Amino acid sequence: MLARASGRVCLLGEHCDWAGRGSCLVAPLVAGVEVHVRAMDWGFAVHSELGVSRLGADARCVEGDPNRYIAAVLRELIRRQLIDLPGARIVVRTDLPMGRGFSSSAALCVAAARGLTGHAGVGLSADEAADIALSAERDDLGVGCGPMDPLACAHGRVLHIRWPAASLR
């Protein structure tokens with residue numbers, strides 16, 4: 001199963017989701033993150049340019065694991081009991097610069113959510129993928145982020161998002 005999520009650029013309202021009011025205008029980038037998921041007998045093996053991680057069926061990883069975002073998505077899917085996750089080899093490829101303000105972590109989490117659920121035979125809407133990505137990054141990993149980035153990465157189109165309702169137009 002191959003899943004992709006694009007990075008994003010914010011044209012207006014960069015911090016409105018943090019402030020809880022206003023609106024933002026976001027657009028997708030050509031660059032993005034690909035997550036390729038293949039069957040494996042047990043557990044999870046994550047391969048990325050950051051390194052290789054082996055995770056058990058509970059998707060726990062050591063502090064500071066370079067692939068902790070993938071592990072957080074796995075734990076969120078397990079927590080929600082959306083699917084019965086079979087073992088998987090997960091390969092991450094990206095042409096999106098990390099840590100440069102293009103939502104690389106949100107794109108990674110969205111692509112991982114799509115790839116892992118697709119591997120299990122379950123499809124996600126863009127809003128569902130964004131919600132899983134946000135929960136993994138904010139709630140599981142404790143990253144101070146809002147819903148704008150995962151929404152932009154999951155929808156992959158120009159969006160006008162109004163806060164606080166975060167309704168999509």
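Here are a few notes on three helices, α3, α4 and α5, in this predicted model.

1. Ground rules first. The model is predicted, so to speak: local features need pLDDT of at least 70, side-chain atom pairs count only at pLDDT 80 or more, and totals for chains, interfaces and linings use all residues. Residues are numbered from 1 along each chain as its sequence is written, and side-chain values use heavy atoms, with hydrogens and water left out.

2. Start with α3, residues 104-119. Its 16 residues reach 22 Å from first C-alpha to last, close to the expected 22 Å (1.5 Å times one less than the number of residues). Helices here are DSSP runs of H or I, at least four residues, numbered from the N terminus.

3. Since 13 of those 16 residues are buried, α3 is largely enclosed by the rest of the structure (buried is under 20% relative accessible area, with a 1.4 Å probe and protein chains only). Just after α3, G121 has a positive phi of about 85 degrees.

4. Now look at α3 against α4 (residues 126-140): the angle is about 120 degrees and the axes lie 8 Å apart (axes are lines fitted to C-alpha atoms over the stretch in contact; angles run from 0 to 180 degrees between N-to-C directions).

5. Who touches whom? On the α3 side, S105, A106, C109, V110, A113 and R114 meet A126, A129, A130, I132, A133 and E137 of α4 (contact is heavy atoms within 4.5 Å).

6. Finally, α5 (residues 148-155) is mostly covered, with 7 of 8 residues buried, including M148, L151 and H155.

Methods. Helix = DSSP H or I, 4+ residues; strand = E, 2+ residues; numbered from the N terminus. Buried < 20%, exposed > 50% of the residue type's maximum accessible area, 1.4 Å probe, protein only.
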